[in-house]
Amino acid sequence: MRKPRVLLLSEGFGTGHTQAAHALAHGIKKVSPHVHSRVIELGKFLNPTVAPLIFSAYRKTLSVQPKLVSLLYRTQYNKSLNGFTKLALHRIFYTQTAQVVSQLKPDAVICTHPFPNAVISRLKRQGLNIPLYTVVTDYDVHGTWINPEVNKYLVSTPQVKALLEIRGVDPSHIQITGIPVHPDFWEAGDKVKLREEMGLQNMPTALLMGGGWGLSFDEDHMKALTFWADRVQLVFCLGSNEKMIAKMKEMPCFQHPNIRILGYTREVSKLMDVSDVLITKPGGMTCTEALAKGLPMLFIPPIAGQEEENCEYFVQAGYGQVIHSADVITNRFRQLVEQASTQTESPLNVAHISGNHSVYDPKCCAQAVHNLLFPTTAEVTTTSVERFTAGIAATSLSGTRIPF
């Protein structure tokens, strides 16, 4: 009896989409140990030379011309990808996707980015007979996510579900699961023990993150942060922003024993456990990880688009606050110091999150996939012999077998 297979397809525009795919893959493994999962950044996999150049250009545009990216997001907000665009994506960038799916023979495809979602949808229209599940990785939903061939949308909140329904998606095709996070974030660690393990002081701690591409702060905010270094420990997690890391390590204001500057790390779960507040861009994945940990947030003013909608959701829900001025940092740090002196917990930890999965259950998305794979009537244990009826070649990609 062949073990069930799930193929998760993402794309490398930012880090959150692929991070969500890997998180879900690990979650599925924890909930259903007998299920095999494979994560592929489809464009990079099929075009290893061209794709990094495209992603680099996107990153540079986002850094240099964020208003242009925002304008494109807004003008196309209610529009799905048209037939010509889907055809162009397939012919130019994703020509061998059918061969990848044919060789791997998954029992379901899960997409965490609109582009592979559109490509698999097109293949389904051509005869691909396989369930397609789409995980919307933000607290908003752009029109490009929507395709009639999607069997189930797994979304973050009731608000996102309502937006899909307004755009004509059948409510029965939508399930509110929350955004998936790695099982490391499913439980909270011992703050004091982990601080000792990581060589940190047992004192109020702020974690500063900017996603995989690093953090950017203006001078006033930096001064407000370092002013408190004697009383609030600062842990900067700067991802792959090597220039920022080098610059900060050379600046006198960051030469303090209570300031830690880190690059890329796999210890984000532990860093959140040791922290009392997270200062970050409002990316969907990072904010959801903090939500799972019960960690209050301060947000760097967002770029219009997904970040803006994410920010609005968390602020309105009472989980965070936008840093409109340096006073926001000062007021929050003062509260941390006062709470430490009186040994009180932050309102977010007690009232909203701590042990309360009615707000967000980090296991829910992985469990939802398990239930889709194994409905109560019959457990899926084999795949159909032939999933293609549109004359798609069954030869392997580039003559090489792709391991699942």
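**Exercise 1. Find what share of the chain's contacts between residues at least 6 apart in sequence joins residues at least 24 apart.**

Solution. Contact means heavy atoms within 4.5 Å. Take contacts between residues at least 6 apart in sequence; 69% of them join residues at least 24 apart.

Before going on, note the ground rules. This is a predicted model, in which local features need pLDDT of at least 70 and side-chain atom pairs count only at pLDDT 80 or more, while totals for chains, interfaces and linings use all residues. Residues are numbered from 1 along each chain as its sequence is written, and side-chain values use heavy atoms, with hydrogens and water left out.

**Exercise 2. State how much of the chain is buried, and count its helices and strands.**

Solution. Start with the term: buried means under 20% relative accessible area, exposed over 50%, partly exposed in between (1.4 Å probe, protein chains only). The chain has 404 residues, and 52% of them count as buried. Next, helices (H or I, at least four residues) and strands (E, at least two) are DSSP runs, numbered from the N terminus. The chain has 17 helices and twelve strands.

**Exercise 3. Describe the largest nonpolar core, then pick out the contacts of Leu 24.**

Solution. A nonpolar core is a set of buried Ala, Val, Leu, Ile, Met, Phe, Trp, Tyr and Cys residues joined through side-chain atoms within 4.5 Å. The largest has 51 residues. Leu 24, Ile 110, Met 272 and Phe 314 have the most contacts inside it. Helix H1 (residues 16–31) gives the most to this core: six residues. Now Leu 24. Leaving out residues up to four places away in sequence, Leu 24 touches Leu 8, Ile 110, Val 135, Pro 180, Cys 365, Ala 366 and Val 369. A second, separate core has 29 residues, including Tyr 94 and Leu 132.

**Exercise 4. Classify the aromatic pair of Phe 236 and Phe 254, and say what it ties together.**

Solution. Rings of Phe, Tyr and Trp (its six-membered ring) pair if their centres lie within 6.5 Å; planes under 30 degrees apart count as stacked, over 60 as edge-to-face and the rest as tilted. The whole structure holds eight aromatic pairs. For Phe 236 and Phe 254, the centres are 5.5 Å apart and the planes are at 85°, giving an edge-to-face pair. Phe 236 lies in strand E8 (residues 233–237), and Phe 254 in the loop between helix H11 (242–250) and strand E9 (259–262), so the pair ties together parts 18 residues apart in sequence. Both residues, Phe 236 and Phe 254, are buried.
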